[in-house]
Amino acid sequence: MAGFSGDAETAQRLYRLVRAASLKETHEEELKLKNVAGKWVHVAVAPISSLGHTVWRITDTSPRRPVLASVDAAKQSVVVQLRPLEQPLLAGADVRMPKFIQDAPVGVALTGEDGVISEWNAAFASLIGSEAKKLKDRPVFDLLRDQTAQETRARLTSLKPGEVSRAPVDVRFKPGNERTAQLFASRLHNENGGPAYAIYLIDTTGQTALETQFAQSQKMQAVGQLAGGIAHDFNNLLTVINGYAELLLQRHQPGDPSFADLNDIRNTGLRAASLVRQLLAFSRRQTLEPEAVNLTDLVADWSVTLRRLIGDRVKLKVEHGRDLWPVFADPTQVGNALMNLSVNARDAMPNGGTLAIRSANVTIGETMSFGQVLMPSGDYVTLEVEDTGLGIAKEHLGKIFEPFFTTKEKGHGTGLGLASVYGIVKQTGGYIFPESEVGKGTTFRIYLPRHIPAAAPVVVEPEKTSAARDLTGVGTILLVEDEDAVRDFAVRALTMRGYKVLDACGGEEALELVAEHDGPIDLLISDVVMPGMEGPELVKEMRKRMPELRVIFISGYAEESFRNAPDRPEDCLFLPKPFSLKQLTSKVKEVLGEV
Ligand SMILES: Nc1ncnc2c1ncn2[C@@H]1O[C@H](COP(=O)(O)OP(=O)(O)OP(=O)(O)O)[C@@H](O)[C@H]1O
Ligand SMILES: [Mg+2]
């Protein structure tokens, strides 16, 4: 049994302390006590609780070695029973640290020469997480992942007595604890066998998440830009390939020996165009036609198609939230997203299962963080697509939205499905989060912001005339396009339909043509981006002389990218590339037919 003893005056002061503690006025006193070895030592004493027994926090100031002790206040004895260090009075042993270290926002732990932890504070325990209960007597290296454990060990052994490490070690904890921290250490003076090192941990989880999110969004942006650029160029090429294939098909009817080949060319071209559309969707440069949409109706409209798509083995369960708020979205694109998610779900359930589609209103009170993505507070409508399939491996989860990421065999997936879903959701101002467990299934949750319609008078749109069968017409069209092949195709397509076509490969040339041409020009069809004078500027110039001039812009980029451009002329129609023969001629008919 070990203990302290003191003189009569010390005894008096201890009684006062006990009484103060029972009145909950905790404070600390410096006392001179005789320790077990009969040596006088200076200690700081503070009673911690006073439930009959008083627990004392005694900090031995001569070798700095905090110890715990208790005294029976009723006995009025000065002898303080010292508890052996191995038996901490309170779980966690952290009470032995001064209060300001216990409460410190950084993790602090003391370890022996071998890195074995003897004490720690609350912040340290919370960083360590579920392992915190088993901290006592474990080497600190046990808590760290291999690489960072080695670095930490090297850092500790390199410290001289009294030295504080300057640069931190960026540490990761054992799998299961995904937090990150910076570790600093200092080597203590330990002549009396006390702790050898103090370890400090600064939580960097939030910062790391932000950095990762930033890097990820930059990557997605860069890939999006690249994809958009490729899609733009391919749109030009495909307009030509598909256009000529159609022209040829009109000359070579089904009995013709070339018909089958030409048909193949056209069908392959159409498939290529659909791939390019997905790329454009991903890069958020798609032309969207948003309107107020009720997701209940939308899902109901699509469920017949979806049911057919997923086959007999997979059960479709649709659950709608009540009184769903409207969202402002392009219904066709949201439908496409739903279809892509359902096809993926089907593929993940080769032996059957259940596909559940749910919708609901949710209000997010505070900015929420989903993994690395922050979603601002507000009203949202969620669309949830859940399957009971194979699930997605953890290491893949961060990559599934990247274009061309696929785990499917060659020829079975291009990896553009989720990329286009992502683009559609983002372009609509929403969020998408996957959640998956291997072997159990996957849930994709889409949040679309609630749409609050502006109180505007209802405009009754004139009913669209059903696609005119007769696409021939008359009139003079000025066609300006810098891609020779696209221009040649359009000229031929329009001439075939009876129009008179003047063509130019740029703005300046177009203006010269107009100056030489006598007679009216009924329509200008122009590319938007061209070397030299661009489309919008050309329109402005021409409208100086012909204020009523009708205009159709054609472009490989989405209308959006230029809808809000400051120099966009008014009253212009837009035709995205690649356009088919029919799309071009119906658009022209739509404009000139009104005259
Ligand atoms: N519901 C799901 N369950 C399991 N894995 C999924 C699920 N959805 C997506 N994945 C994984 O994400 C990958 C990417 O999906 P994505 O739809 O982008 O491409 P894909 O389906 O492989 O090809 P594509 O859709 O272009 O035909 C898939 O290959 C698959 O590994
Ligand atoms: Mg897919």
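This is a predicted model: local features need pLDDT of at least 70, side-chain atom pairs count only at pLDDT 80 or more; totals for chains, interfaces and linings use all residues.
Local features were taken at pLDDT of at least 70 and side-chain atom pairs only at pLDDT 80 or more, while totals for chains, interfaces and linings use all residues. Residues are numbered from 1 along each chain as its sequence is written, and side-chain values use heavy atoms, with hydrogens and water left out.

We may start with the helices (DSSP runs of H or I, at least four residues, numbered from the N terminus, as are strands, E, at least two). Helix H5 (residues 205–251) and helix H6 (residues 259–282) have axes that come within 8 Å and cross at roughly 155°; axes are lines fitted to C-alpha atoms, for helices over the stretch in contact, and angles run from 0 to 180 degrees between N-to-C directions. H5 and H6 are therefore roughly antiparallel, the word used for angles over 145 degrees.

Turning to the sheet, five strands form an open arrangement in the order S22-S21-S23-S24-S25, with parallel pairing; strands pair if DSSP finds at least two bridges between them. Strand S22 (500–504) and strand S25 (572–576) stand at the edges with a single partner strand each, so one side of each lacks a neighbour in the sheet. From one strand to the next, the twist averages 20°. S22 pairs with strand S21 (residues 476–480) in the parallel sense over 5 bridges, and Val480 stands opposite Ala504 in S22.

Helix H11 (residues 484–496) packs on this sheet, touching S21, S22 and strand S23 (523–527), where contact means heavy atoms within 4.5 Å. The direction of H11 makes about 170° with that of S22. Helix H12 (residues 507–516) also packs on the sheet and touches S21 and S22, its direction making about 135° with that of S22.

Notes:
Chains are lettered from A and ligands numbered from 1 in the order in which they are written. Angles under 35 degrees count as roughly parallel, over 145 as roughly antiparallel, 65 to 115 as roughly perpendicular and the rest as oblique.
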